[in-house]
Amino acid sequence: MNNTQSLSESEKAITVADLIQPIEEHIGCNYMHWPDGGFFNGGTNTEVKGVLLTWMAGASTIKQAIKDRCNVIICHEPLFFHEKDELPPYRWLTPNDGCKEPEWHPNSIRRKLILDNSITIFQCHYGLDRYCMYAAFSKALGLDEPILDHGWESIFTLKKTMTVKELIANIKERLQISGTVRVVGDPDQEVLKVASLWGGMGLSDNIYWLRRAILNKADVAICGEMNEFFMQFAEDAGFPVIETSHKLSEEYGIASYAASLQEKFPQLNIRTKIEGRPYYTF
Ligand SMILES: [Fe+2]
Ligand SMILES: [Fe+2]
């Protein structure tokens, strides 16, 4: 018997492949076939000493991973910011300045922290959206039993009919949101059937989901982040929408993934960076 064979399951080195395997199994294909995300520094064979799970791997998150002795970060959103390439007159300089990234630029700060400390980053966007994001946010809102069970287009009922205003109070309490939330529509309108549009589904690029919610006879949508084009669509359609936060709405999925990994790998150093909305209101 060689050394590898003599190791028990719990003593075997855990690699990044082991952490993403449950998601691959859920979706039914290898991560290489997912439409987005992937590795920066390292790969599936990287041995995991500790892993930090988060929504976006910003500078403070990378620093926390280093402090918590995590050599792997799994994040949901992109690691780097990319500027759109546009023609004049939408650019002051022609040709443009090539998007220089001086030391203060978030991309430079993140890249340096990661490379100097040999951190492996795996961005798991589509994978986590499919694996747990929708279910975790809907559950946090208390929406468990869909009356229309149609994947991400499902419609849920509230326990009782209430006004938009009452629903806002209910959501703020459930999600522990202090400060104000942005809302479109009549606050006194009575609602019962709800669409759950987590993350960036409330952005106008994703207007499909709002149109489908209205077609599926929802009375109201609760979204992650919404922009003003989306608000104008909702207003013209006479459909109320309540915004929570992109980040906050997806952090329930991060927590759920972390809990499932901790159950599978009880000895592993698994950390999260969960902070709620990335801004304050007053
Ligand atoms: Fe997402
Ligand atoms: Fe997102």
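A domain, as the word is used here, is a part of the chain whose bounds come from an automatic or database domain assignment. This model is predicted, and its protein chain is divided into domain 1, which covers 3–124 + 249–273, and domain 2, which covers 134–244. The contact between the two takes 5 residues from domain 1 and 7 residues from domain 2. On the side of domain 1 that touches domain 2, the residues divide into 1 nonpolar, 3 polar and 1 charged.

## The sheet

An open sheet of 5 strands can be followed in the order β1-β4-β3-β2-β11, and its pairing is mixed. The edge strands are β1 (38–40) and β11 (269–273), each of which pairs on one side only. From one strand to the next, the twist averages 20°. Strands of a sheet pair through backbone hydrogen bonds, either parallel or antiparallel.

| Strands | Bridges | Direction |
|---|---|---|
| β1 and β4 | 3 bridges | antiparallel |
| β3 and β4 | 4 bridges | parallel |
| β2 and β3 | 4 bridges | parallel |

Individual residues show how these strands line up: F39 stands opposite F122 in β4, V72 stands opposite T120 in β4, and T54 stands opposite C75 in β3.

Which way do the residues of β3 and β4 point, and are they buried or exposed? In β3, V72 and I74 point one way while I73 and C75 point the other way, and all are buried. In β4, T120 and F122 point one way, I121 and Q123 point the other way, and all of these are buried too.

## Helices against the sheet

Helix α2, made of residues 16–27, packs on the sheet and touches β2 (50–54), β3 and β4, with a direction that makes about 10° with that of β4. Helix α3, made of residues 59–67, lies across β2, β3 and β11, and runs at about 155° to β2.

In soluble globular proteins, nonpolar side chains tend to be buried together. The largest nonpolar core of this model has 66 residues, of which V51, I73, I74, L197 and A221 touch the most other members. Helix α5, residues 126–140, gives the largest share of this core, with 8 residues.

When its neighbours within four places in sequence are left aside, L197 is in contact with G202, W209, L210, A213, A221, I222, C223 and G224.

P278 lies in the segment after β11. Is P278 buried or exposed? P278 counts as exposed because it has 12 C-beta neighbours inside 10 Å, and a residue is exposed if 12 or fewer lie within that distance. P278 and S245 are 33 residues apart in sequence, and their C-alpha atoms are 8.3 Å apart in space.

Terms used
Residues numbered from 1 in each chain as written. Chains lettered and ligands numbered in written order. Predicted model: local features only at pLDDT ≥ 70, side-chain atom pairs only at ≥ 80, totals over all residues. Nonpolar A, V, L, I, M, F, W, Y, C, P; charged D, E, K, R; others polar. Pairing = 2+ DSSP bridges. Helix = DSSP H or I, 4+ residues; strand = E, 2+ residues; numbered from the N terminus. Axes fitted to C-alpha atoms, helices over the stretch in contact; angles between N-to-C directions. Core = buried A, V, L, I, M, F, W, Y, C linked by C-beta atoms within 7 Å. Buried ≥ 20, exposed ≤ 12 C-beta atoms within 10 Å, placed from the backbone.
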